[in-house]
Amino acid sequence: MATQILGILFCVSAAAAAAGTKVYSFNSQNSTSVSSLNAKDGICKSVVEPLGYACQEHTVTTKDGYILSLQRMPSGLSGQAADKPPVLLQHGLIVDGVTWLMSLPDESLAFILADNGYDVWISNGRGTRFSRGHASIDPYDSAYWDWTWDELAAYDLPATFQYVHDQTGQNLHYVGHSQGTLIALAAFSQGKLLNMLRSAVLLCPVAYLNHLTSPFARGVVDLFVPEDLYWLGQHEFSLLNRPVVNKLLEDICIMPGIDCSDLLTAITGPNCCLNSSRTKIFLDQSTATKNIIHLAQMVRTGTIAMYDYGNENDNMDHYGQPTPLVYNMTSIPNDLPLFLGYGGKDYLSDVRDVQVLLDNLKDHDGDKLVVQYTDEYAHADFILGVNANQIVYDPAIAFFKIN
């Protein structure tokens with residue numbers, strides 16, 4: 001992610017492949033169904049149902065008109081209906097809901113939760129392949145891409161929460177990874193969603209990015225790549241069939257300390273526990289270039305604030321003050337059950353930045369905050385590690401059971 005960019009590794013793979021470099025992606029025996037995904041078939045038909053699991057396709061429209069895709073897994077492999085509360089899974093940047101389904105069923109969180117009796121809901125953020133609809137704007141229109149993670153926190157997350165709550169009649173557990181934690185923390189700090197929430201599991205939590213150590217992401221930020229793209233008219237951030245983007249990435253790859261022959265490590269950190277035999281699958285999901293600019297601003301300022309329009313007048317128009325509004329992490333209710341999982345080798349959710357977040361949560365009720373540190377884990381291990389079921393998911397499920 002041009003900053004907090006877990007998923008950019010999927011996109012950059014395409015550019016790197018064109019340059020003859022070694023690329024990485026994630027998959028396993030599920031490779032055939034994942035690689036053949038298309039918007040017409042959907043996730044249920046392509047990925048979930050072929051493995052014997054029930055799956056339903058749903059859509060929800062946000063208040064600003066974006067039509068989002070949701071998948072529901074109402075039962076496990078046994079076919080027995082879920083008897084535990086709903087769980088909403090929210091992916092990170094430049095990936096989609098398939099993130100939670102890419103490994104074998106006993107290694108993928110969505111399948112594991114379903115087999116443990118939870119009513120599983122998988123969200124797909126605006127702009128990704130299954131969530132490109134809008135009530136009035138075409139995705140080929142630059143206006144479609146006029147948003148950042150501010151809007152994901154203000155519109156997408158509330159819409160999906162409300163929909164799952166209305167469909168199930170229950171409050172829900174939440175699991176976010178990377179950008180999926182950022183938008184949740186932002187919403188929670190404003191008092192949103194709390195009346196529908198049981199607990200939140202935040203994997204690779206992102207609130208502060210000042211200590212970002214990813215050489216590739218730092219290069220993107222330092223060279224002002226997203227800003228250049230925006231002014232070149234590239235409002236959709238995607239690396240497929242975009243010569244301008246590929247050229248800029250090639251410029252980054254010649255910077256000292258950036259090894260584009262190993263993009264996975266350069267971006268996310270030295271992941272310990274991915275299956276090296278997984279098939280190469282290039283999952284290029286789009287986000288708004290404006291969103292990447294916003295994340296880059298976080299890296300430069302070390303704050304978690306709304307999008308900075310670059311001048312006092314525009315900020316005044318949007319916020320009523322000359323600087324962007326700040327999301328105050330100390331405003332998150334102290335009795336909200338939170339599980340934070342982070343890794344010692346993560347280049348994106350750096351240990352020092354996570355500590356800043358934890359310092360802001362120092363007054364949190366002791367019995368409502370679980371912090372799990374895994375020294376050998378990097379960014380992708382938390383969702384794709386072959387042992388994440390034992391290291392991360394078992395403790396998370398135990399956390400759900402007491403909340």
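How many of the eleven residues of helix H6 (residues 179-189) are buried, and what does that say about how the helix is placed in the rest of the structure?

Tutor: This is a predicted model, in which local features need pLDDT of at least 70 and side-chain atom pairs count only at pLDDT 80 or more, while totals for chains, interfaces and linings use all residues. Residues are numbered from 1 along each chain as its sequence is written, and side-chain values use heavy atoms, with hydrogens and water left out.

Eleven of the eleven residues of helix H6 are buried, so the helix is largely enclosed by the rest of the structure. Here buried means under 20% relative accessible area, exposed means over 50%, and partly exposed lies in between, with a 1.4 Å probe and protein chains only. Helices (H or I, at least four residues) and strands (E, at least two) are DSSP runs, numbered from the N terminus. The buried residues of H6 include Gln179, Thr181, Leu182, Phe188 and Ser189.

The loops on either side of the helix deserve attention too. Ser178 is found in the loop between strand S6 (172-177) and H6, and its phi is near 60°, a positive value in a residue other than glycine. Ser178 has a relative accessible area of 0%, and therefore it is buried. Just after H6, Gly191 takes a positive phi of about 80°. Leu193, in the loop between H6 and strand S7 (197-203), has a positive phi of about 70° although it is not a glycine. At 5% relative accessibility, Leu193 counts as buried.

The structure holds three cavities of 30 Å³ or more, and the largest cavity has about 150 Å³ of space. A cavity is a set of points, on a 1 Å grid over the protein atoms alone, where a 1.4 Å probe fits but cannot get out, and its lining residues have an atom within 4 Å of a point; points are joined across faces, edges and corners, and the volume is the space filled by probe spheres set on them. Of the 20 residues that line the largest cavity, the closest to its centre are His91, Gly125, Arg126, Leu152 and Gln179, and Gln179 is one of the buried residues of H6. Strand S4 (118-124), H5 and H6 each supply at least two residues of that lining, and H5 gives the most, with three residues.

Ring pairs link Tyr66 and Trp147 with Tyr144 and Trp145 into a cluster. Rings of Phe, Tyr and Trp (its six-membered ring) pair if their centres lie within 6.5 Å, and planes under 30 degrees apart count as stacked, over 60 as edge-to-face and the rest as tilted. A search of the whole structure finds 15 aromatic pairs.

A nonpolar core is a set of buried Ala, Val, Leu, Ile, Met, Phe, Trp, Tyr and Cys residues joined through side-chain atoms within 4.5 Å. The largest one has 77 residues, and Phe188, which belongs to H6, is among those with the most contacts inside it, together with Trp149, Phe161, Tyr174, Phe216, Met329 and Leu338. The largest share of this core, eight residues, comes from helix H5 (residues 149-168). Apart from it lies another core, of 43 residues, including Val98 and Val201.

Finally, Tyr155 lies in helix H5, yet at 32% relative accessibility it counts as partly exposed. The C-alpha atoms of Tyr155 and Gly65 are separated by 9.3 Å, although these residues are 90 residues apart along the chain.

Technical notes. 1 Å grid on protein atoms, 1.4 Å probe; cavity = no way out; pocket = protein on both sides within 12 Å on 5 of 7 lines; lining within 4 Å.
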